[in-house]
Amino acid sequence: MKSATLMLTLAIAAAWSAQGASAQTLKTVKDRGLLSCGVTQGLPGFSAPDDRGNWAGLDVDLCRGIAAAIFNDATKVKYVPLSAKDRFTALQSGEIDVLSRNTTWTLSRDTSLGVNFAGINYYDGQGFMVRKSLKVNSALELNSATVCLQTGTTNEQNLADFFKGNNMKYEVVAFSTADEVVKAYESGRCDAFTADISQLYAERLKLTTPAEHEVLPQVISKEPLGPLVRHGDDQWLDVVRWVLFAQINAEELGITQKNVDEQAKSDKPELKRIFGTDGSLGEQLGLTKDWFQRIIKATGNYGESFERHVGASSKLGIARGLNQLWSKGGIMFAPPIR
Amino acid sequence: MSKAVYVATTMVAPRRAPVRMPGAWGFVRTRLLNSPTNILLTFACALLLWFTVIPTVKFLLVDAVWQGSDRNACLPETVGWPVGACWPFIQAKFSQFIYGFYPEAERWRVDTTFLLGALLLAPLLVPQLPAKAANAALFFIAFPVVAFVLLHGGYGGLTVVPTRLWGGMLVTLVVAITGIVASMPIGIALALGRRSSIPLIRFSCIAFIEFWRGVPLITVLFFATYMLPLFLPGNFTVDGLVRVLIGVALFAGAYNAEVIRGGLQAIPRGQAEAASALGLSWWRTTRLVVLPQALRHVIPGLVNSFIALLKDTSLVSIVALFDLLGQLRAAFADPAWSSPSTLFTGFAFTGIIYFVLCFGMSRYSLFVERRLNAHRRS
């Protein structure tokens with residue numbers, strides 16, 4: 001099934017690039033009055049429906065930001081929940097306009113699938129979770145371990161590279177959904193559970209005794225996660241990219257959901273440019289003058305979004321780490337709006 | 001003439017009349033513990049029950065948590081004992097399991113549709129009640145129209161609720177009921193067509209049936225969702241739910257066709273010949289003589305495929321629609337509720353719902369079978 005899906009995906013990618021993508025996504029979205037956004041079928045903190053049935057999460061906030069920038073209404077989003085296998089096919093076929101579904105940016109994905117990555121909204125890395133009782137302190141001590149993972153992700157290859165590179169033996173137990181992986185790990189079918197670290201923290205909440213399990217400090221891969229769009233529509237790529245950059249820049253400038261209206265009245269030349277009281281940066285993107293204000297009013301800045309969904313004030317409690325702003329010791333960086 | 005070896009040569013010794021042992025203890029002694037094999041079987045079954053029923057009851061009722069507002073309520077640390085089912089999770093997500101993402105202000109429309117459907121279906125299922133024809137016309141012709149207008153809206157001041165917002169039980173029932181109702185005429189037509197003497201009709205029916213039976217439903221849904229937009233012109237799209245409904249109806253139709261064909265084959269040729277000797281046309285023969293008998297034979301097979309269809313509805317998650325099961329899986333991802341027992345609670349809850357529906361269908365079909373086959377009972 002997996003290789004068949006891959007073949008199909010590649011076939012569509014070929015068909016798509018052959019016929020030449022229409023560079024009309026922004027217009028299509030405006031005409032439709034709705035942004036079609038591909039999300040996960042449920043990943044805690046990134047995209048999941050809450051008790052009232054509203055989608056929420058870090059990835060969802062990007063969709064909401066784009067919708068706010070275009071329609072001045074963050075609710076004008078059609079969320080299309082996609083499995084890891086179907087996500088690229090859905091994007092290529094035009095079923096969705098943007099894929100905001102914790103997808104790792106790699107060269108092969110960027111080149112062979114007919115997609116463009118618009119930026120990075122979360123720096124993740126693959127790690128391991130093990131039982132504390134195993135007394136393993138480093139991933140290098142996992143020789144001849146049985147490892148549980150989810151199929152159709154980049155984790156499979158990273159795992160193979162890591163173990164081969166260190167001359168260690170291992171055995172994989174693979175499942176198609178994360179829930180199955182957690183249950184298999186908990187029932188002792190494998191010694192370690194590998195996934196991106198953000199996911200490990202989320203899945204740990206489902207274990208009977210989370211305190212008996214730890215996430216090892218080693219990170220065996222770079223997993224920059226970000227939104228994707230189809231090849232061939234540079235204007236739309238710009239829109240998605242700059243919505244993300246607007247959220248990051250807002251945090252750097254200290255503009256929050258609460259004070260955004262106040263800041264918009266500021267006399268500082270830099271802020272006047274950003275808020276569109278001076279110049280036409282918004283129109284250059286194909287949006288309106290107040291695009292920046294609309295986004296931040298709807299979703300808050302990147303830091304607020306992070307804290308709300310995955311950070312310390314959420315159930316997950318993931319530390320900012322690499323995702324801290326560059327000016328505060330992390331590597332989250334956005335080009336300036338000018 | 002050789003002697004037949006299979007005829008017993010000695011008389012069987014007369015046995016004493018069985019002693020009547022009334023009461024529960026008598027039942028146990030005469031049925032459960034009357035021979036070493038039965039004692040062993042009884043013991044094995046008792047063990048099996050002990051190891052399945054007791055933990056289930058313990059999990060679902062005894063150890064369960066009944067009240068709470070988030071995952072903390074269902075953690076062993078806060079409760080103080082190994083937690084069983086986490087019912088507050090079901091409580092918090094219940095409306096999503098029923099309505100999906102249907103807007104809260106409009107949910108009365110779903111309730112009305114459910115109620116109307118139940119009110120029309122119930123008298124249809126009880127044979128003693130009168131006016132079956134009018135009732136059937138209301139349920140099969142008027143109700144789908146009313147249901148569509150109510151659920152989708154767009155007429156008479158009702159706001160449009162696009163099908164992407166539908167979910168949960170609503171989608172499961174819409175897909176299952178439409179599939180069941182639409183697949184019957186398709187199945188009958190295909191089954192008759194496959195036995196037709198006109199080659200063109202026969203071959204096209206065979207090709208249709210074999211195609212739909214040969215391709216997995218999941219593949220068809222996948223293609224319809226992600227490949228069709230590439231081939232269709234411009235902004236022309238078919239609603240996701242409609243794609244599913246068409247796919248499911250054609251699928252179930254092809255399967256039903258083969259089940260019904262089995263029933264048609266069981267009708268002796270003489271029946272049709274006798275009917276034409278009486279001057280009945282082919283259509284009237286089929287409608288009055290052949291089909292009523294054939295369908296009666298295949299009730300178990302049909303109900304079997306209806307039950308399979310009901311459970312296949314969960315495949316709609318492929319086209320980004322959340323049925324009951326899809327909605328449940330999405331609810332698992334809410335970090336506010338992820339706890340060790342959330343997964344089991346959710347599956348237990350949906351399992352019970354599916355069981356009630358399927359078991360209900362199966363019991364009703366037994367009742368219909370007994371009624372229609374009354375002439376065969378001794």
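In helix 3 of chain A, Asp61(A) and Arg64(A) sit 3 residues apart, about one turn of the helix. The model here is a predicted one. Side chains of opposite charge can pair when their charged atoms come close.

Asp61(A) also turns up where helix 3 of chain A touches helix 9 of chain A. Helix 3 covers residues 58-71 and helix 9 covers residues 234-252, and the two pack with their axes 10 Å apart at an angle of about 110 degrees. Helix 3 of chain A is therefore roughly perpendicular to helix 9 of chain A, and the crossing is right-handed. On the helix 3 side, the contact is made by Asp61(A), Leu62(A), Gly65(A), Ile66(A), Ala69(A) and Ile70(A). Helix 9 of chain A answers with Trp236(A), Val240(A), Val243(A), Leu244(A) and Gln247(A). Sorted by type, the residues of this contact come out as 8 nonpolar, 2 polar and 1 charged.

Moving on to the two chains, chain A puts 39 residues into the contact and chain B puts in 36. Together, chain A and chain B bury about 3,100 Å², with 61% of that on carbon and sulfur atoms. Salt bridges between chain A and chain B number 4. Lys315(A) and Asp70(B) form a salt bridge, their closest N and O atoms lying 3.0 Å apart. Over all chains, a search of the whole structure turns up 23 salt bridges.

Note on methods:
Residues numbered from 1 in each chain as written. Chains lettered and ligands numbered in written order. Predicted model: local features only at pLDDT ≥ 70, side-chain atom pairs only at ≥ 80, totals over all residues. Heavy atoms only, no water. Axes fitted to C-alpha atoms, helices over the stretch in contact; angles between N-to-C directions. Helix = DSSP H or I, 4+ residues; strand = E, 2+ residues; numbered from the N terminus. Parallel < 35°, antiparallel > 145°, perpendicular 65-115°, else oblique. Left-handed = near helix turned anticlockwise from the far one by under 90°. Contact = heavy atoms within 4.5 Å. Nonpolar A, V, L, I, M, F, W, Y, C, P; charged D, E, K, R; others polar. Buried area = accessible area lost by both parts, 1.4 Å probe. Salt bridge = Lys/Arg side-chain N within 4 Å of Asp/Glu carboxyl O.
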